[in-house]
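Colleague: I've just opened this model and I'd like to learn how to read it. Take me through it one feature at a time, please.

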Amino acid sequence: MFAMASVTPNPGKMEARKEVRLHRADEERIRAAAAATGLQEADFIRQAALSRAQEVEQRMSLSILPFEAFEAFRVAVEAPGEVVTGLTRAAQASKGLLKDAD
């Protein structure tokens, strides 16, 4: 048997359903891979989807800035703001010009 990266599904009753359309060759490939791992096809597909979701979530939470650039960014974000002359007046004048720009 082959080992798959472990992804813990949520416990409890599974109530949501997804329907997937596949090319016949993809279906056969998934069936063979599921059999090779000892999983039912639905479990294999669910684990693969959860693994990919976990990978995307991890990428979204990581910074890819080099340390020095991130440090400069952090300092800029944490610095006190500046009053920009005329910006408040311009914001008030533009109110209502853009849809949903509250």
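Colleague: What is the relative accessible area of Phe-73?

Modeller: Phe-73 comes out at 48%, so it counts as partly exposed. Phe-70 falls in that class too, with 34%. Keep in mind that this is a predicted model, where local features need pLDDT of at least 70 and side-chain atom pairs pLDDT 80 or more, while totals for chains, interfaces and linings use all residues. Numbering starts from 1 along each chain as its sequence is written, and side-chain values rest on heavy atoms, with hydrogens and water left out.

Colleague: How many aromatic pairs does the structure hold?

Modeller: In general, you describe a pair of aromatic rings by the distance of the centres and the angle of the planes. Here there is one pair. Phe-70 and Phe-73 make it, with 6.3 Å centre to centre and 45° between the planes, which is tilted. (Rings of Phe, Tyr and Trp, the last by its six-membered ring, pair if their centres lie within 6.5 Å; under 30 degrees between planes is stacked, over 60 is edge-to-face and the rest is tilted.)

Colleague: Where do Phe-70 and Phe-73 lie?

Modeller: An α-helix has 3.6 residues a turn, so residues three or four places apart point the same way. In our case, both Phe-70 and Phe-73 sit in helix α3, residues 67-78, three residues apart or about one turn.

Colleague: How should I read distances along the chain against distances in space?

Modeller: Take a few pairs and compare. Ala-53, in helix α2 (residues 41-61), is 46 residues from Val-7 in sequence, yet 9.9 Å away C-alpha to C-alpha. Glu-68 and Leu-22 are also 46 residues apart, but their C-alpha atoms are separated by 46 Å. Then there's Leu-65, in the loop between α2 and α3: the C-alpha atom of Leu-65 is 41 Å from that of Lys-13, 52 residues away along the chain.

Colleague: Which residues line the largest pocket?

Modeller: A pocket is an open set of points on a 1 Å grid over the protein atoms alone, where a 1.4 Å probe fits and protein lies on both sides within 12 Å along at least five of seven lines; lining residues have an atom within 4 Å of a point. The lining of this one includes Met-14, Val-20, Ile-45, Arg-46 and Leu-50. It divides into seven nonpolar, no polar and five charged residues.

Key. Ala, Val, Leu, Ile, Met, Phe, Trp, Tyr, Cys and Pro count as nonpolar, Asp, Glu, Lys and Arg as charged, and the others, Gly among them, as polar. Helices (H or I, at least four residues) and strands (E, at least two) are DSSP runs, numbered from the N terminus. Buried means under 20% relative accessible area, exposed over 50%, partly exposed in between (1.4 Å probe, protein chains only).
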